[in-house]
Amino acid sequence: MSETMTKVAKKKIAASLIDKYHDGESFIVDDCHKMSDLCGYHFTNVRKQKHRMISVDCPAESYSGTWSWNKSINGYDESKNIMQAMRSAIKKGSFGQHVKTVCVMCGDNQTLSVDHKNTPFSEIANSYISSHGNPDVKNISGFGWVLSNENHFIEYHDAVADYQTLCRSCNSKKGAKSP
C-alpha cells in the first residue's frame with residue numbers, strides 16, 4: 001500500500017475488505033495482508049466480528065482480540081503512543097510471566113487474560129510519567145510503538161503491580177481499560 005494514501009482512502013479500502021466477509025468469517029491471506037498494511041501492524045489472522053468490527057492475531061503485540069482498525073489508520077497522538085509502548089513493554093516483565101489458569105471471578109478456563117488487580121495500569125503509567133517524565137518512544141514498522149529504554153519502566157511497573165486472572169467476559173464487566 002502506498003505510504004502517501006490518505007486516511008480516508010485507507011478507511012474506504014478497509015471497510016470494503018471487511019464488508020466482503022460474513023460475521024465470524026476469517027479473511028483470506030491476501031486480505032489479511034492488506035488489512036495489516038492499512039493498519040500498520042502484522043496480523044497473522046483477521047476475522048470479521050459483526051458490522052465492521054474485526055478481531056486479529058498480532059504476534060508482535062502478543063495480542064489476540066478486537067482491533068480498532070479506525071484508530072490504527074488515524075494514528076495515535078503522542079500520549080497514546082507512549083501508553084501503547086508502555087503496555088507492550090510490561091509483557092517482558094512480571095505481567096507477561098503471570099500464569100493464567102482460571103478466572104478468579106467465574107472459574108472459567110477459556111479466553112483468559114492478565115488483569116491489574118488493585119492498581120490500574122494507567123495509574124502506574126501516569127505515576128511513572130509524573131516522576132520520570134515522558135519516556136522516549138520509537139515506532140518499529142510492523143510492531144508499533146516501543147520504549148527506547150523499556151527496562152527502567154518494566155522494573156518500576158513490576159515493583160508496583162499485582163495481577164489476577166480474568167476471562168474476557170469478566171474483564172470487560174470489570175470496566176474499560178484506561179488508555
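**Reading the contacts and helices**

Author: I129 sits in helix α6; helices here are DSSP runs of H or I with at least four residues, strands are runs of E with at least two, and both are numbered from the N terminus. Before we go on, this is a predicted model, where local features need pLDDT of at least 70 and side-chain atom pairs count only at pLDDT 80 or more, while totals for chains, interfaces and linings use all residues. Residues are numbered from 1 along each chain as its sequence is written, and side-chain values use heavy atoms, with hydrogens and water left out.

Reader: How far apart are the C-alpha atoms of I129 and I82?

Author: They are separated by 9.8 Å, although I129 and I82 are 47 residues apart along the chain.

Reader: What describes two packed helices?

Author: You give the angle between their axes and the distance between the axes. Here, the axes of α4 (residues 78-90) and α6 (residues 121-132) come within 11 Å and cross at roughly 110°. Axes are lines fitted to C-alpha atoms, for helices over the stretch in contact, and angles run from 0 to 180 degrees between N-to-C directions. That angle makes α4 roughly perpendicular to α6: 65 to 115 degrees counts as roughly perpendicular, under 35 as roughly parallel, over 145 as roughly antiparallel and the rest as oblique.

Reader: Which residues of α4 and α6 make the contact?

Author: From α4 come I82, M83, M86, R87 and I90, and from α6 come F121, A125, N126, Y128 and I129. Sorted by class, that contact has eight nonpolar, one polar and one charged residues. Ala, Val, Leu, Ile, Met, Phe, Trp, Tyr, Cys and Pro count as nonpolar, Asp, Glu, Lys and Arg as charged, and the others, Gly among them, as polar.

Reader: At what angle do α6 and α7 pack?

Author: At about 125°, with their axes 10 Å apart. That makes α6 oblique to α7. On the α6 side you'll find F121, I124, A125, S127, Y128, S131 and H132, which meet H152, F153, Y156, H157 and V160 in α7. The classes there are seven nonpolar, five polar and no charged residues.

Reader: Which residues of α7 are buried?

Author: In α7 (residues 150-160), the buried ones are E150, F153, I154 and H157. They cover an arc of only 105° around the axis, which puts them on the same side of α7; the arc is that of the directions from the helix axis to the C-beta atoms. Buried means under 20% relative accessible area, exposed over 50%, and partly exposed in between, with a 1.4 Å probe and protein chains only. The face turned away from the buried side carries the exposed residues N151, E155 and A159. Among the elements covering the buried residues are α4, β4 (112-116) and α6.

Reader: Is D115 buried or exposed?

Author: D115, in strand β4, counts as buried because its relative accessibility is 7%. Beyond residues up to four places away in sequence, D115 touches D162, Y163, Q164, L166, N171 and K174.

Reader: Where is H51?

Author: H51 is in the loop between β1 (45-48) and β2 (54-58). Its phi is near 55°, a positive value in a residue other than glycine. H51 is exposed, with a relative accessible area of 64%.

Terms used
Contact = heavy atoms within 4.5 Å.
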